Amino acid sequence: MSVTPQLALTLDNRFARELSEMAVPWQADDAPRPRLLVLNEVLATTLGLDPAMLRSPDGLRLLTGTSLPDGAAPVAQAYSGHQFGGFSPRLGDGRALLLGELTDPTGRLHDLHLKGSGRTPFARGGDGLAAVGPMLREYLISEAMHALGVPTTRALAVVATGRSVRRDTELPGAVLARVADSHLRVGSFQYAQATGDVGLLRRLADHAVARHYPAAAQSEQPYLALFKAVLTAQASLVAQWMLVGFVHGVMNTDNMTISGETIDYGPCAFLEGFDPATVYSSIDESGRYAYANQPVVAEWNLARLAEALLPLLHDEQDQAVALATEALSGFRQQYGDAWSAGMKTKLGLSGPQDEAVILKLIDDLLTLLETDRVDYTSFFRLLGAAAGGDAGPMRSLFADQQGVGDWVERWRALKPDAALMAGTNPAYIPRNHLVEEALNAATAGNLAPFERLLEAIVSPYQERTGLERYAAAAPADFGVYRTYCGT
Ligand code: AMP
Ligand code: MG
């Protein structure tokens, strides 16, 4: 690796310094012919990075980790994880690197991280690489989530490496550069706890408090306060997933952040026809990570975080368990409140209305949507038009005309706010058939469909003429959608 001092960027190595037991110094593989596929200029600018610099040969070397600013100390992070319920003590970044932390012009700290940068000591049987399609997929979906107001890691760039990657076939390889508040996971705490070194666990918790929840440091029980803060952030996050119809697909504890950002876009997708049992991941045979299970799984993962934190909560194990259990019991209420508040907004209901009436209205709606497998995104968007008077297009989504007619009457009696709905219910999400079309074309060398789809989803609420096909449901022959892990 060469050092390029002219990169106007300073990367700190705070994680590596404070938590060296969990940081393996490592370097990215060479990228023989780096070629920029997509750069997030808006994000670069907010981070204080010059897009022109990032587009330059030095910039591409930075974005593939092959040349870093002086003082940078990239590491592979160690973490554990419950994968589909089974505990793996040693996962870690098998094909990723934390390049370091950068400070934006407002003083905020962000992780700069690469995915697909080569094998690390955590690679196990993997090749350490990533293909163009899955990295562009993470770019698209994470940017869609951000545009929808859902906390998420952000995609800074995807650079093709010029190296091919062996999957079912030979595919072009790529590296994703992404940015996050941090890459601390529930699995990071599980790893620290499993070492038996309580000092390490405490240092990790202090690091997390300082980075994400500084107010917890002022609490009488800072580590309990940390746990409660993560619980609140995750209750809100998963409620937002449910409201936008997002299925993460692989909610293992190593894929759940401490910051409350969505992370690791593998086998994820947005619901189309409403079915709570929807699963996209090809390996999720039991439906563990189905749409409707996500809040339950989040609570389960938080219980694993609580277990990992027990040694910090109280000297007496019984007391520690009692504190953790009590805190965990708040999840359902917090999740439920966040979800019903969000659902009310989606329905355009902002006034002081009878809660029981609204909850029954929501419940009946979900039954109607499920019975007719109504397109979730189209429904809410067209319901906004119905608030403005034109219920025809929305009603046409239902077979049960009587049922939807009765429901609309009850809803209209509550005086929904059409403007509120237009700013809440997106017209454009990354629909599965469009994502597939864009990624297939990009893999074959044509980025135009990817760019058009990206343009639609980064302004999801602003309906534009010419983009009608980006708001439409999949053609009937698209079939059952399946996505794959570890691609
Ligand atoms: P994920 O399901 O993407 O969250 O990955 C789970 C674990 O597998 C993490 O430790 C990853 O770093 C690792 N992993 C996934 N794909 C690869 C790969 N191609 N090479 C090496 N490690 C991988
Ligand atoms: Mg992961």
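Are R178 and E138 buried or exposed? R178 is buried, and E138 is buried as well, where buried denotes under 20% relative accessible area, exposed over 50%, and partly exposed the range in between, computed with a 1.4 Å probe on protein chains only.

## Basis of the model

This is a predicted model, in which local features need pLDDT of at least 70 and side-chain atom pairs count only at pLDDT 80 or more, while totals for chains, interfaces and linings use all residues. Residues are numbered from 1 along each chain as its sequence is written, chains are lettered from A and ligands numbered from 1 in the order in which they are written, and side-chain values use heavy atoms, with hydrogens and water left out.

## Salt bridges

Counting a side-chain nitrogen of Lys or Arg within 4 Å of a carboxyl oxygen of Asp or Glu as a salt bridge, the total comes to 26. One of these pairs is R178 with E138, whose closest N and O atoms are 2.9 Å apart. The pair links distant parts of the chain, 40 residues apart, with R178 in strand β11 (residues 170-180) and E138 in helix α5 (residues 132-147); helices (H or I, at least four residues) and strands (E, at least two) are DSSP runs numbered from the N terminus.

In helix α9 (residues 294-313), E307 and R304 are three residues apart and thus separated by about one helical turn, and their side chains meet in a salt bridge at 2.7 Å, N to O. E307 is partly exposed at 39% relative accessible area, whereas R304 is buried at 13%. A further salt bridge joins K344 and E355, with 3.5 Å between the closest N and O atoms; because K344 lies in helix α11 (residues 331-346) and E355 in helix α12 (residues 355-371), the pair ties together parts that are eleven residues apart in sequence. K344 is buried at 17%, while E355 is partly exposed at 37%. Salt bridges that share partners also join K115, E138, R178, R185 and D264 into one network.

Apart from neighbours within four places in sequence, the contacts of R185 (heavy atoms within 4.5 Å) include R178, D254, N255 and D264.

D254 lies in the loop between β12 (246-247) and β13 (269-270). This residue is buried yet has no salt bridge, and the nearest side chain of opposite charge, R185, is 5.3 Å away; in this assignment Lys and Arg count as positive and Asp and Glu as negative, with His and the chain ends not counted.

The protein donors of the magnesium ion (ligand 2) are N255 (OD1) and D264 (OD), at 1.9 to 2.2 Å; donors are N, O and S atoms within 2.8 Å of the metal (3.2 Å for Na, K and Ca), and sites may look incomplete because water is not among the atoms. N255 is buried at 11% relative accessible area, and D264 is buried at 13%.

Of the 18 residues around ligand 1, those that come nearest are G92, G94, R124, G128 and N255, a residue being near when one of its heavy atoms lies within 4 Å. Oxygen atoms of ligand 1 lie 2.6 Å from a backbone N or O atom of G92 and 2.7 Å from a polar backbone atom of G94, and a nitrogen atom of ligand 1 lies 2.8 Å from a backbone N or O atom of G128.

Conventions:
Polar contact = N/O pair within 3.5 Å; in protein donor to acceptor, adjacent residues only side chain to side chain.
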